[in-house]
2 protein chains.
Amino acid sequence: MQLFYNPDITPNAYCTLDAEESRHAVRVLRMREGDELNVTDGRGALYRCNIIQADSGKCIVESVSKLSTLNSQLSTIHLAVAPTKNPSRMEWLVEKAVEIGVGEITLLDCDHSERTFLKTDRLEKLAVSAMKQSLHTVLPKINPAVKLRDWLNSTQPFSHSATQPLKFIAHCEADQPRVPLASALLPGRDVVVLIGPEGDFSGDEIALALECGFQPVSLGSARLRTETAALYAVTAFNLINDRI
Amino acid sequence: MQLFYNPDITPNAYCTLDAEESRHAVRVLRMREGDELNVTDGRGALYRCNIIQADSGKCIVESVSKLSTLNSQLSTIHLAVAPTKNPSRMEWLVEKAVEIGVGEITLLDCDHSERTFLKTDRLEKLAVSAMKQSLHTVLPKINPAVKLRDWLNSTQPFSHSATQPLKFIAHCEADQPRVPLASALLPGRDVVVLIGPEGDFSGDEIALALECGFQPVSLGSARLRTETAALYAVTAFNLINDRI
């Protein structure tokens, strides 16, 4: 099955696919007027559509039936991660995290970050592509880099959530008490997890996170790269919640 | 900590690091005669060594004490996976699987493979690098591509194992009975898992694997890419065994 994406799609209405989606449907897949395709709004709804006008620049489709809606009560994981020095490692992470299942990604600018900034537009494109590839119907929000201190002081992550999310910081200070992430996760609960840069979080950042109610967790004895640690957290969350 | 690798290292003896390891120690890290470093043999043993001759082409070290030996009773996972069309995806998989923890990797040539061959020397280099990065002391064996049929007919994977390993095939035929991999894994048991190419296993291959005692498993409702499915299996194995 090929999945298409249009954030503006609504029930029983026309909508125009963007240039890339139109090209893919009409030029690559050679779809024609009357052909059926599936379109998600990236917020959990999936529609069966018919092609009304097979234009490879702006393909017009009509949504004829709603196939499914994601259960909005499902718990999600918010991954807050320091960009790696090598941007391709972050691109890889976004693709894999979306395939496995992630609710939101925030880039963190930390005291020991070697890269404090990363353009989100390329990451967003990769997220759309991974969502379609994996047949997910929710496009995770990707937030541009923010100072970890500011984020901890100002944000209430998952403010939409009825219950407070589980909040974890995965730091590498072996002499401080930490519990294994896998045993700290609970089924059905939203999660926010902080993953630090190559040089780990600073002592000040760890102290501030603990003050803000984050539990310190470890990811085992292996020394995982930033992007591996982040994907591990996302995979463990989905396993605990029986999603994969 | 910097970890070095030399398969020939033995207790209380001299050994010469290869050109790349020597260059890394002497040229990059500027280590000198008398400096201490840790060297693994890639088979689970870790030695504290002193540098005897800091030659950037062939650095000679003496092993002075054995720091640890991996418990050889620990269960392992043997990942048998069809190479992806894009070789960089396999390179990524090898790096990540070694970081998370994998015992052996076999490349499979399947009926629907778009790539039936991949040189293992580059993958082996990546595996050494990932082992050192993650501070593991076991270098997984990487076996060159073999026809899945021949492998199933001839091999007894994990013949060294006291108990028969759990054997899984992760195929995508939704109309055939499959159990979720996460619930089929058992702590303490060796595992062999087959991951197919982009076009999935053929019906004949699935039938043969079932005849050979492989249990069909699913990896959830998301459509995972080959390399994502493979890393998911490795992560689930390590989670079940409390390794991470």
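Student: Which residue in S11(B) is the bridge partner of B:Ile169?

Tutor: The bridge partner of B:Ile169 in S11(B) is B:Leu194. Some ground rules come before the rest. The model is predicted; local features need pLDDT of at least 70, side-chain atom pairs count only at pLDDT 80 or more, and totals for chains, interfaces and linings use all residues. Residues are numbered from 1 along each chain as its sequence is written, while chains are lettered from A and ligands numbered from 1 in the order in which they are written.

Start with the strand itself. S11 of chain B covers residues 191–195. Strands here are DSSP runs of E with at least two residues, helices are runs of H or I with at least four, and both are numbered from the N terminus. Five of the five residues of S11(B) are buried, so the strand is largely enclosed by the rest of the structure. Buried means that 20 or more other C-beta atoms lie within 10 Å of the residue's own, exposed means 12 or fewer, and partly exposed is in between; the C-beta atoms are placed from the backbone.

Now the two faces. In a regular strand the side chains alternate between the two faces of the sheet. B:Val191, B:Val193 and B:Ile195 point one way from S11(B). B:Val192 and B:Leu194 point the other way.

Next, the neighbours. Strands pair if DSSP finds at least two bridges between them. S9(B), residues 166–170, runs parallel to S11(B) and is joined to it by five bridges. S6(B), residues 77–81, also pairs with S11(B) in the parallel sense, over five bridges. There, B:Val81 has B:Ile195 as its bridge partner.

S6(A) and S7(A), residues 77–81 and 104–109, pair in the parallel sense over four bridges. Within that pair, A:Val81 stands opposite A:Leu107.

Chain A has another open sheet, of five strands, with mixed pairing and the order S1-S3-S4-S5-S2. S1(A) and S2(A) stand at its edges with a single partner strand each, so one side of each has no neighbour in the sheet. S2(A) runs antiparallel to S5(A), residues 60–69, with three bridges between them. A:Tyr14 has A:Glu62 as its bridge partner in S5(A).

Last, the chain contact. Residues are in contact if their C-beta atoms, placed from the backbone, lie within 7 Å. By that rule, 23 residues of chain A touch 23 residues of chain B. H2, H3 and H7 of chain A each supply at least two residues of this side. The largest share, five residues, comes from H7(A). By class, the side has 11 nonpolar, seven polar and five charged residues. Nonpolar covers Ala, Val, Leu, Ile, Met, Phe, Trp, Tyr, Cys and Pro; charged covers Asp, Glu, Lys and Arg; the others, Gly among them, are polar. Of the interface residues of chain A, 100% are also interface residues in chain B, so the copies meet through the same surface.

Conventions: Two residues are in contact if their C-beta atoms, placed from the backbone, lie within 7 Å.
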